[in-house]
Amino acid sequence: MLGRVGPGVLELTEVHRFPNRPVRTGSTLRWDILALYRGVLDGLRAAGVAAGGRLAGVGIDSWAVDYGLLDSAGELLGNPVHYRDERTRGVAEKVAAVMPPDELYAATGLQYLPFNTLYQLLADRDGPQLAAARSLLMIPDLIAYWLTGRAGTELTNASTTQLIDPRTRDWSFAVAERLGIDLSLFPPLRRPGDPAGTLRPDVLAETGLTGPVPVIAVGSHDTASAVVGVPAEGEGFAYIATGTWSLAGLELAAPILGEESRRANFTNELGVDGTVRYLRNIMGLWLLQECLRSWEAEGRPQDLAALLDRAASVRPRRSVVDAADPAFLAPGDMPRRIAEACVRTGQPAPRTEAETTRCVLDSLALAHAKAVEDAQRLSGRTVSTVHIVGGGAHNPLLCRLTADATGLPVVAGPAEAAAFGNVLVQARAAGAVTGGLAELRALLRTAHELRRYEPGAGRPGSVAGEYR
Ligand code: LFR
């Protein structure tokens with residue numbers, strides 16, 4: 001994405017898009033990291049062409065928790081394993097025997113997800129790669145390292161490792177020691193806005209860019225950047241960053257680390273400008289994406305807009321599943337797994353693609369509403385508006401059902417909130433704009449068309465009104 005930012009100016013243009021196709025080798029699901037890096041280089045070239053050869057900065061964000069291991073010469077020791085791989089099965093139980101879940105939560109504030117970096121590292125513990133590793137780079141940090149030759153660990157993403165203390169915003173040395181994690185594998189922490197090197201000469205040559213091009217640390221966890229890109233006014237808002245996942249919660253000034261919060265499986269990930277992203281992971285549109293993949297493989301490809309239209313006329317909440325259930329984490333045959341979950345819970349199995357789609361969207365909307373409600377209860381905050389950003393902002397049925405389920409107005413957009421958050425933080429570091437998150441968000445509101453959905457606003461699929 002190419003961004004142009006200045007006082008009163010905020011534009012984003014998609015210059016290149018490439019697929020991210022994980023690969024299974026043997027029994028392990030991995031990221032095709034070199035194909036992704038190739039896509040990044042092609043994207044930089046396209047951005048350079050669109051910007052006349054000069055870029056004022058580059059910022060990198062991606063999904064969280066996963067990492068590459070590097071040897072003593074700085075070479076990658078293997079393709080990073082995908083967090084949906086099943087190697088972490090049973091690891092959390094082993095951790096609990098050494099450090100009880102309440103103590104781990106009080107120290108790190110992270111919700112239980114089977115793939116937290118901590119559990120992945122422990123699953124890798126006896127393997128030869130970890131033994132040979134001299135450093136560990138989270139995915140965006142790995143890309144930044146290849147682009148610049150400089151290694152660092154960006155804080156918002158580091159906060160998803162379950163090895164950070166959200167009060168000190170530094171490593172949790174005690175947790176690492178107790179669980180036998182070698183923190184010296186991680187290069188020094190850097191914070192959004194910090195300089196992260198400049199593009200290497202070979203990268204400049206390969207991309208046709210004119211140097212120097214600074215790489216600037218942003219909220220390198222995509223969700224951290226997406227929360228910067230929530231066009232909210234004031235504090236009384238909840239956000240739902242929708243894409244493969246739905247990340248639903250609040251922006252807070254301090255973490256909530258009590259037992260009630262742990263039981264509600266809320267996380268305290270770190271945000272930009274000293275904030276805490278107090279949220280819950282919900283399976284998200286992954287459920288629908290996987291259904292679409294299955295139907296296509298079975299020779300019944302679906303047109304998404306038509307499918308959503310049909311789903312809008314299905315009887316509401318005919319059957320719903322728990323959209324936060326890790327049982328849906330792994331890839332493969334999602335329609336069958338959803339049907340089985342319905343039957344297991346005494347509800348009718350969806351019979352058609354439209355019924356399955358409606359089940360997914362009803363279930364997501366209910367999970368969104370539950371997260372917004374729980375977050376308010378646990379934080380004492382009152383929410384008056386729910387912002388949906390990310391890909392789901394383009395899904396009118398999901399937005400309407402979420403407004404209905406929460407009983408609150410939903411403001412939808414931008415779909416590219418993470419890219420907006422990324423360029424805004426870069427632009428501020430480069431001096432092109434000034435201010436805190438409130439000022440950055442005000443700029444976003446002037447730059448982007450938003451849609452508003454009122455709860456209970458009538459006919460299926462209708463859009464209740466324009467926001468501005
Ligand atoms: C969203 C996201 C979530 C994280 C999941 C796995 O893209 O980054 O925030 O929990 O992916 O990394």
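In the protein chain, 35 residues of domain 1 are in contact with 40 residues of domain 2, two residues being in contact if their C-beta atoms, placed from the backbone, lie within 7 Å. The structure is a predicted model, in which local features need pLDDT of at least 70 and side-chain atom pairs count only at pLDDT 80 or more, while totals for chains, interfaces and linings use all residues. Residues are numbered from 1 along each chain as its sequence is written. Domain 1 covers residues 2-216 and domain 2 covers residues 222-468, with bounds that come from an automatic or database domain assignment. The centres of the two domains, taken over C-alpha atoms, are separated by 24 Å.

On the side of domain 1 that touches domain 2, the elements giving two or more residues are strand 1 (2-6), strand 2 (9-13), helix 3 (101-108) and helix 7 (155-158); helices (H or I, at least four residues) and strands (E, at least two) are DSSP runs, numbered from the N terminus. Helix 3 gives the most to this side, with four residues. The residues of this side of domain 1 comprise 18 nonpolar, 11 polar and six charged, where Ala, Val, Leu, Ile, Met, Phe, Trp, Tyr, Cys and Pro count as nonpolar, Asp, Glu, Lys and Arg as charged, and the others, Gly among them, as polar.

For the chain as a whole, the secondary structure comes to 18 helices and 20 strands. The radius of gyration of the protein chain is 22 Å, close to the 23 Å that the globule rule gives for 468 residues, so the chain is as compact as a globular protein of that length; the radius is taken over C-alpha atoms, and the rule is 2.2 Å times the number of residues to the power 0.38. Buried residues make up 50% of the 468 residues, a residue being buried if 20 or more other C-beta atoms lie within 10 Å of its own, exposed if 12 or fewer, and partly exposed in between.

The UniProt record, an unreviewed entry, places the feature "domain: Carbohydrate kinase FGGY N-terminal" at residues 54-229, a span that is 36% helix and 13% strand.

Several loops have local features of the backbone. The loop between helix 13 (304-312) and helix 14 (334-344) holds G332, which counts as exposed because 9 C-beta neighbours lie inside 10 Å, and also D333, which is partly exposed, with 16 other C-beta atoms within 10 Å. Phi of D333 is near 35°, a positive value in a residue other than glycine. A cis peptide bond, with omega near -10°, runs from G211 to P212, and P212 is found in the loop between helix 9 (201-207) and strand 12 (214-216).

How values were computed. UniProt positions are given in the numbering used here, feature names are shortened, and annotations may be inferred rather than shown by experiment.
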